[in-house]
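Hi,

Here is the structure I promised to pass on.

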Amino acid sequence: MYRKIIVAIALGRLDRGENILRKAASLLDTGGQIVALNVVEDVPTYVAIELPANMLEDAMKDGRDKLEALVAATGVAATIDIRNGPPAKAIIAAAESHGADLIILASHIPDFSNYFIGATADRVVRHAKCSVLVERQKI
């Protein structure tokens, strides 16, 4: 089992976040810790000029509020971590800074575009220094 688990949750798929949060609870050692993580992607500067100045702060607050509600709804004890930047890098950085021994994230079934661009889960699996569990979407 695992002592510290990072659960990366996308706000657009909170139903999948609930599933992986519960899975993390089932894999956690007694006395272990779950960190529910959301990453707010950076907005390119050429787009950011047209957006409100406090958009990043608002998005991070919204992420915290939604994760707190999700954690409360599931009854799974977890701390909340909200970061910004490229998702894969932020997930890996969070795992390293928290000393995690497992990262859990949901991912879609890869399609043709993933062979050129790659999914966040692909990058996390390739570069993480701890174990990674990828929960695939059922078709």
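Lys-66 comes out as partly exposed because its relative accessibility is 35% (buried is under 20% relative accessible area, exposed is over 50%, and partly exposed is in between, with a 1.4 Å probe and protein chains only). Asp-62 is partly exposed as well, at 33%. The side chains of Lys-66 and Asp-62 form a salt bridge, with N to O at 3.4 Å (that is, a side-chain nitrogen of Lys or Arg within 4 Å of a carboxyl oxygen of Asp or Glu). Both sit in helix α3, residues 55-74, four residues apart, or about one turn of the helix. Helices here are DSSP runs of H or I with at least four residues, strands are runs of E with at least two, and both are numbered from the N terminus.

Before you go further: this is a predicted model, where local features need pLDDT of at least 70 and side-chain atom pairs count only at pLDDT 80 or more, while totals for chains, interfaces and linings use all residues. Residues are numbered from 1 along each chain as its sequence is written, and side-chain values use heavy atoms, with hydrogens and water left out.

Lys-23 counts as partly exposed, at 32% relative accessibility.

Another pairs Lys-129 with Glu-96, whose closest N and O atoms are 3.7 Å apart. Since Lys-129 is in the loop between α5 and β5 and Glu-96 is in helix α4, the pair ties together parts 33 residues apart in sequence. Lys-129 is exposed, with a relative accessible area of 73%, and Glu-96 is partly exposed at 45%.

That brings us to α4 itself. How far apart are the end C-alpha atoms of this helix? They are 16 Å apart, which agrees with the 16 Å that its twelve residues (87-98) should span at 1.5 Å a residue; the expected span is 1.5 Å times one less than the number of residues. Its buried residues are Pro-87, Ala-88, Ala-90, Ile-91, Ile-92, Ala-94 and Ala-95. Covering them are, among others, β1 (2-8), β2 (28-40), β3 (79-84), β4 (102-107) and α5 (120-127), with contact meaning heavy atoms within 4.5 Å. After α4 comes Gly-99, which has a positive phi, near 65°.

Cheers
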